[in-house]
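Hi everyone, thanks for making time. I'd like to walk you through one model today, so please have a look at the screen.

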Amino acid sequence: MQNTTKNTVEASFLELKNIGYSYHSLHGEIQALKDISFQVHEGEFIAIVGPSGCGKSTLLSIIAGLIAPESGTIVVNNPDGLLHYPKIGYMLQRDHLFEWRNVYQNVTLGLELNHMLTREHLDTVDRLLEDYGLDKFRYKRPDELSGGMKQRAALIRTLALEPQLLLLDEPFSALDYQTRLFVSADICRLIRAAGKTMIIITHDLSEAISLADRVIVLSGRPAVIKNEMKISLTLADDSPLAARNAPEFQQYFNRLWEDLTHENKKE
Ligand code: ADP
Ligand code: MG
């Protein structure tokens with residue numbers, strides 16, 4: 001048995017400081033986020049859990065730069081020392097593959113839209129298709145693929161743009177339970193192997209504990225950070241499926257469950 005820290009965690013490269021956000025509509029104001037502060041280290045996997053409607057997707061959109069925070073700041077320390085916002089890859093609940101394009105046309109879509117169809121990037125796509133076992137399926141339509149293969153294709157499309165930070169918003173919730181167990185473990189293994197940093201939103205506590213280095217628990221709306229839990233599991237093998245059998249797993253689960261049921265009762 002060895003004590004597995006799932007990743008070599010380095011310097012913090014993203015720091016959220018007192019992020020706040022409210023939606024304004026004709027019916028009034030909805031305060032979604034309040035005073036959210038945390039750091040993201042390079043190569044780290046962070047899972048965010050919280051009651052439904054508390055502001056998780058809003059927080060991810062702010063980190064992605066899709067919406068500007070109303071208050072607070074995000075500080076970036078690039079490992080390369082350069083002054084740019086990290087390149088973001090976004091994966092959503094559904095794979096969003098287009099049926100009228102074959103697998104290859106789907107995985108190169110991001111490159112096409114970003115005017116990045118260079119030989120070098122297409123070579124990366126070829127390598128990923130091969131590594132992820134989709135090479136033989138490149139001319140198939142998405143509906144000829146299994147749920148797991150579709151999710152892999154969506155991951156290739158995201159990785160082709162060479163993001164530094166992957167943001168996943170409940171990416172596996174459209175899959176049935178058994179497929180979900182395998183696909184989530186598979187996708188996260190591939191993202192780790194690619195050396196990326198990841199923030200994943202999930203409502204599945206077991207998924208959060210088995211995949212992440214750290215779990216952040218948000219309260220009901222307006223979301224504040226209710227708890228932050230570093231996950232360290234004693235395992236012979238660090239696969240997310242094996243993680244569920246680690247002796248510490250149940251303790252983490254119970255603690256998160258307590259936090260969340262307390263939040264749900266407040267609603
Ligand atoms: P979560 O992802 O945790 O379920 P969201 O971030 O999607 O929550 O939403 C947080 C709150 O903000 C919810 O109450 C939701 O109804 C509200 N909300 C989300 N998007 C909008 C919007 N575009 N306009 C108004 N309210 C919104
Ligand atoms: Mg959401």
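Let me begin with a definition: buried means under 20% relative accessible area, exposed means over 50%, and partly exposed is in between, using a 1.4 Å probe and protein chains only. By that rule G220, at 11% relative accessibility, counts as buried. G220 sits in the loop between β9 (214-218) and β10. The C-alpha atoms of G220 and L33 are 9.6 Å apart, although 187 residues separate them along the chain.

A word on where this comes from. This is a predicted model, so local features need pLDDT of at least 70 and side-chain atom pairs count only at pLDDT 80 or more, while totals for chains, interfaces and linings use all residues. Residues are numbered from 1 along each chain as its sequence is written, chains are lettered from A and ligands numbered from 1 in the order in which they are written, and side-chain values use heavy atoms, with hydrogens and water left out.

Now the strands. Helices (H or I, at least four residues) and strands (E, at least two) are DSSP runs numbered from the N terminus, and two strands pair if DSSP finds at least two bridges between them. Strand β2 (residues 12-25) runs antiparallel to strand β3 (residues 28-41), with 10 bridges joining them. The two form a hairpin with 2 residues between them, and H24 has E29 in β3 as its bridge partner. β2 also pairs with strand β5 (residues 71-76), again antiparallel, over 5 bridges; there, G20 stands opposite S71.

Next, the open sheet. It has 6 strands in the order β6-β7-β8-β4-β9-β10, with mixed pairing. β6 (88-91) and β10 (225-230) are the edge strands, each pairing on one side only. From one strand to the next, the twist averages 15°; for angles, axes are lines fitted to C-alpha atoms, for helices over the stretch in contact, and values run from 0 to 180 degrees between N-to-C directions. Within the sheet, β7 (residues 165-169) and β8 (residues 197-201) run parallel, joined by 5 bridges, and L168 stands opposite I200 in β8. Helix α5 (residues 147-159) packs on the sheet, touching β6 and β7, and its direction makes about 160° with that of β6. Contact here means heavy atoms within 4.5 Å. Helix α6 (residues 177-193) lies across β4 (45-49), β7 and β8, at about 140° to β4.

What surrounds ligand 1? The shell is Y23, S52, G53, C54, G55, K56, S57, T58 and R221, where near means a heavy atom within 4 Å. Helix α1 (residues 56-64) gives the most to this shell, with 3 residues. Backbone N or O atoms do some of the work of description here: one from G53 lies 2.8 Å from an oxygen atom of ligand 1, and one from K56 also lies 2.8 Å from a ligand oxygen. For G55, a polar backbone atom is 3.0 Å from an oxygen atom of ligand 1. Taken alone, ligand 1 exposes 560 Å², and the protein buries 61% of that; these areas come from the Shrake-Rupley method with a 1.4 Å probe, and for residues only the protein chains shown count as cover.

One last stop: is T108 buried or exposed? T108 is buried, with a relative accessible area of 5%. T108 lies in the loop between α2 (103-107) and α3 (109-113). Leaving aside neighbours within four places in sequence, T108 is in contact with L117, L122 and V125.

Methods:
Polar contact = N/O pair within 3.5 Å; in protein donor to acceptor, adjacent residues only side chain to side chain.
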